[in-house]
Amino acid sequence: MTLPISFEFFPPKTPEGADKLRTVRQALYAHRPDFCSVTFGAGGSTQDGTFATVRDILAEGQQAASHFSCIGATKARVREQLATLKAMGVRRLVALRGDLPSGYGMGGEFTYASDLVAFIRAETGDHFHIEVAAYPEVHPQARSAEADLKAYVAKVKAGADSAITQYFYSADAYARFVDDTLAMGATVPVVPGIMPITNSSQLLRFSDACGAEVPRWIRLRLQGFGDDTASIKAFGLDVVSGLCEQLRRAGAPGLHFYTMNQSVPTLALLDRMGV
Ligand code: FAD
């Protein structure tokens, strides 16, 4: 089965982490991703690590996308960072507002990701393919579900080329999001973000914070496995490969994997799906 795929990594904090991530990437490259993306700490906190990892991916002959968050940033700073990315040969960005760690003041000259998308287009024309974030289960800070759909459409109208979703475990939420935003005039591809399930407590904690819903039946089954990680992984593989299959049948234009800097869970999903 052919389906465009992409992989997401975060910048490693240590030289050992960087070495491990190189091995992880090589294992995943066997599946010929369209691109690999690297997250960016809000406020530029991981900028050096993000850019270094993006450089490594490009040097390995792969397409790389740099995530880019604007919260707290000035226009001058963003202009400088865009020039650096352009000089590195980067052609794809994931343009985000980001979340400032608590304790940071808002400041900055951008309020929403749509401001960043418009700025990138005005400054760099068509140089970058711009991805934006989409939330089929509604962004946690949205004023209302409808306001969030409008915010997504505004990002597309500001110049985004495609979108990657927050992860979710309900294919219906994705299908509804795509139908509704299409009807509102946002016609760009919306690629589902896929989070493998390998760990129970971490997933539940993380999902609460980012507005992704882990359905009750999945939550209870995971809790029931306790510390039995083999059963959690086997169950997670069944559930997530089933979701990917549903999404493929529903016409998803590709799949974007949140690898969490590990190859095994994503490879297991791709093998199970026959991609
Ligand atoms: P926005 O699209 O600006 O939306 C933020 C909130 O503002 C939403 O609640 C929206 O409804 C609301 N809003 C937007 N426009 C308006 C408006 N005009 N009026 C009123 N309300 C409005 N975070 C990182 O720090 N680094 C990363 O690398 C990173 N990568 C990510 C990749 C993906 C694919 C996804 C889905 C998320 C990622 N995040 C990352 C998390 C993201 O930064 C957070 O979810 C953040 O809170 C919102 O960013 P956004 O770009 O979606 O913001």
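1. Met195 sits in the loop that runs between strand S8 (193-194) and helix H7 (200-210). The model is a predicted one. With a relative accessibility of 7%, Met195 counts as buried. Leaving out residues up to four places away in sequence, Met195 touches Tyr167, Tyr169, Leu203, Phe206, Val240, Tyr258 and Met260.

2. Among the contacts of Met195 are Tyr167, Tyr169, Phe206 and Tyr258. Tyr167, Tyr169, Phe206 and Tyr258 form one aromatic cluster.

3. How far apart are the C-alpha atoms of Met195 and Ala18? They are separated by 22 Å, and the two residues are 177 residues apart along the chain. Ala18 belongs to helix H1, where it is one of the buried residues.

4. Helix H1 covers residues 15-29, which is 15 residues. From its first C-alpha to its last it reaches 21 Å, close to the 21 Å expected at 1.5 Å a residue. Its buried residues are Ala18, Leu21, Val24, Arg25, Leu28 and Tyr29. Viewed down the axis of H1, the buried residues fall within an arc of 130°, so they line one face of the helix. Note that Arg25 is listed among these buried residues.

5. What do the buried residues of H1 pack against? Their partners are strand S1 (5-9), S2, H2 and helix H10 (264-273). The face of H1 turned away from the buried side carries Pro15, Glu16 and Thr23, which are exposed.

6. His31 lies in the loop between H1 and S2. Is His31 buried or exposed? At 19% relative accessibility His31 counts as buried, because the cut-off for that class is under 20%. Not counting residues up to four places away in sequence, His31 touches Ile5, Phe7, Leu267, Leu270, Asp271 and Val275.

7. The sheet is open and is formed by nine strands in the order S7-S6-S5-S4-S3-S2-S1-S9-S8, with parallel pairing. Strand S7 (190-191) and S8 are the edge strands, and each pairs on one side only. In general, strands of a sheet pair through backbone hydrogen bonds, either parallel or antiparallel.

8. Two pairings can be checked by residue. S1 and S2 pair in the parallel sense over four bridges. Phe7 stands opposite Cys36 in S2; Phe7 is also one of the residues that His31 touches. Strand S5 (residues 129-134) runs parallel to S6 and is joined to S6 by four bridges. The bridge partner of Val132 in S6 is Ala163.

9. In a regular strand, side chains alternate between the two faces of the sheet. Strand S6 (residues 162-165) is covered on both faces. Ser162 and Ile164 on one side are buried, as are Ala163 and Thr165 on the other.

10. The structure holds 11 aromatic pairs. Phe40 and Phe68 form a stacked pair, at 5.5 Å centre to centre and with 15° between the planes. Phe40 lies in the loop between strand S2 (35-38) and helix H2 (47-59), and Phe68 lies in strand S3 (residues 64-69), so the pair ties together parts that are 28 residues apart in sequence. Phe40 is buried, at a relative accessible area of 9%. Phe68 is also buried, and its relative accessible area is 0%.

11. The rings of Phe110 and Phe119 have their centres 5.4 Å apart and their planes at 80°; the pair is therefore edge-to-face. Both Phe110 and Phe119 are buried.

12. How many disulfides does a search of the whole structure find? It finds zero. Cys210 is buried, with a relative accessible area of 13%.

13. Cys244 is in no disulfide either; the nearest cysteine sulfur to it, that of Cys36, is 17 Å away. Cys244 counts as buried at 0% relative accessibility. Cys36 is the residue that Phe7 stands opposite in S2.

Technical notes:
Residues are numbered from 1 along each chain as its sequence is written. This is a predicted model: local features need pLDDT of at least 70, side-chain atom pairs count only at pLDDT 80 or more; totals for chains, interfaces and linings use all residues. Side-chain values use heavy atoms; hydrogens and water are left out. Rings of Phe, Tyr and Trp (its six-membered ring) pair if their centres lie within 6.5 Å; planes under 30 degrees apart count as stacked, over 60 as edge-to-face and the rest as tilted. Helices (H or I, at least four residues) and strands (E, at least two) are DSSP runs, numbered from the N terminus. Buried means under 20% relative accessible area, exposed over 50%, partly exposed in between (1.4 Å probe, protein chains only). A disulfide is a pair of cysteine sulfur atoms within 2.5 Å. The expected span of a helix is 1.5 Å times one less than its number of residues. The arc is that of the directions from the helix axis to the C-beta atoms. Contact means heavy atoms within 4.5 Å. Two strands pair if DSSP finds at least two bridges between them.
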